[in-house]
Amino acid sequence: MKRLNKQTTAMAGLVFLGMNTALAEPLYVGSYGGSTEQAMRDEIIPAFLEEHEAEIIYVAGNSTDTLAKLQAQRGNQELDVVLMDDGPMYQAINLGFCSPMQNTAMLDDVYDIARFPDDKAVGVGLVASGFAYNAEIFERNGWEPPSSWNDLADEKFADKLVVPSISNTYGVHALVMAARLNGGGESDIDPGFIFMQEEAAPNILSFEPSAGKMSELFQNEEIALSVWGSGRLRALANTGFPGAFAYPEEGAVALMVAACVIEGSEERELAEAFVEHLLTPESQELLADTQGWGPAQRNAELSDDLAEILPYGEKVDQLVTVDWDVINPNRLEWTNRWNRQVER
């Protein structure tokens, strides 16, 4: 039997009912918990059910959890649609879990950077990895906003800087950009490790991966600058913190929230319709406001305050991508090396 029983699954997620749900199997959506689950439950899914007679079962978990579910259920998948960060999504694609979109017309207004090879997934939200900083501290010290990944080596930021651990995507992005700026890249990561170990690490107060702890360090003025995401900074600024976000001149790195339809889904048409719903301007604007995800499609319109921080419009052109097909097979080796050489 393809499906887990409803009682078991409901314990792991949420059940949403539409009309005449007995006519079809439910649609199982694997996606993030927390505020994303709240936005899905309160706004996104009810709007979808206004247009579709369906039952949706929401299975909450982070990207690693969702990828693990796909691997554990190979050949008998429960999930029909998944949302994950782009790194794990590339793993899911390479493992054969994602099916090419059949309704490619939904992708016509999607930014090129949000299109995945063979349309086996699509970005539904864009986050920029760049610099979050305390604008008041910078003004107090007469500092210009950070403008380059090389600023991680600037001695004026000694003990006022955080670069998340390589266990965190922001840490991976910083390492890759350091490698690129010093003659290497994903396939030649040595220059990145040398820069991080010899130039950046002496300035780094901690390699904090937790968003909550990072916010605390900023609010206590223990740090003035961090490598972080535009969405995280947006959430912190909403508390009244004088935070600002800077896009490095070499490019902020795109961290995409991506969606894919699972290969072999018995509810393929409904699954694609749900992905299309996530890409509507209304859903994109809501996800920008509640999650800090920049729109992945061109027709969404953001308020000025959101547009200032999130990747939107011309800022999308300033984003660069990393090669997850090279990174993922090397991630464990890089992590061990990072722990030995950078965080020692």
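Start by selecting helix α6, residues 169-181: with three residues, this helix gives the most to the lining of the largest cavity. Keep in mind as you go that you are looking at a predicted model.

Select W149, N150, L152, A174, A178, L181, N182 and F195, which together line the largest cavity. Colour the lining by residue class and you will find six nonpolar residues, two polar and no charged.

Next stop: the largest pocket. How much space lies in it? About 1,100 Å³. To find the pocket, select Y32, D85, Y170, R232 and L255, the closest to its centre among the 45 residues that line it. Then colour the pocket lining by class too: 17 of its residues are nonpolar, 21 are polar and seven are charged.

Domain 1 covers 27-126 + 255-315, domain 2 covers 128-253 + 324-342, and each gives at least three residues to the lining of the largest pocket.

For the last stop, show two helices: α2 (residues 34-49) and α11 (residues 281-291). Their axes lie 10 Å apart, and the helices pack at an angle of about 140°. Are α2 and α11 roughly antiparallel or oblique to each other? Angles over 145 degrees would count as roughly antiparallel, so at about 140° the pair α2 and α11 is oblique.

Notes
Residues are numbered from 1 along each chain as its sequence is written. This is a predicted model: local features need pLDDT of at least 70, side-chain atom pairs count only at pLDDT 80 or more; totals for chains, interfaces and linings use all residues. Side-chain values use heavy atoms; hydrogens and water are left out. On a 1 Å grid over the protein atoms alone, a cavity is a set of points where a 1.4 Å probe fits but cannot get out, and a pocket is an open set with protein on both sides within 12 Å along at least five of seven lines; lining residues have an atom within 4 Å of a point. Grid points are joined across faces, edges and corners, and a volume is the space filled by probe spheres set on the points. Ala, Val, Leu, Ile, Met, Phe, Trp, Tyr, Cys and Pro count as nonpolar, Asp, Glu, Lys and Arg as charged, and the others, Gly among them, as polar. Domain bounds come from an automatic or database domain assignment. Axes are lines fitted to C-alpha atoms, for helices over the stretch in contact, and angles run from 0 to 180 degrees between N-to-C directions. Helices (H or I, at least four residues) and strands (E, at least two) are DSSP runs, numbered from the N terminus. Angles under 35 degrees count as roughly parallel, over 145 as roughly antiparallel, 65 to 115 as roughly perpendicular and the rest as oblique.
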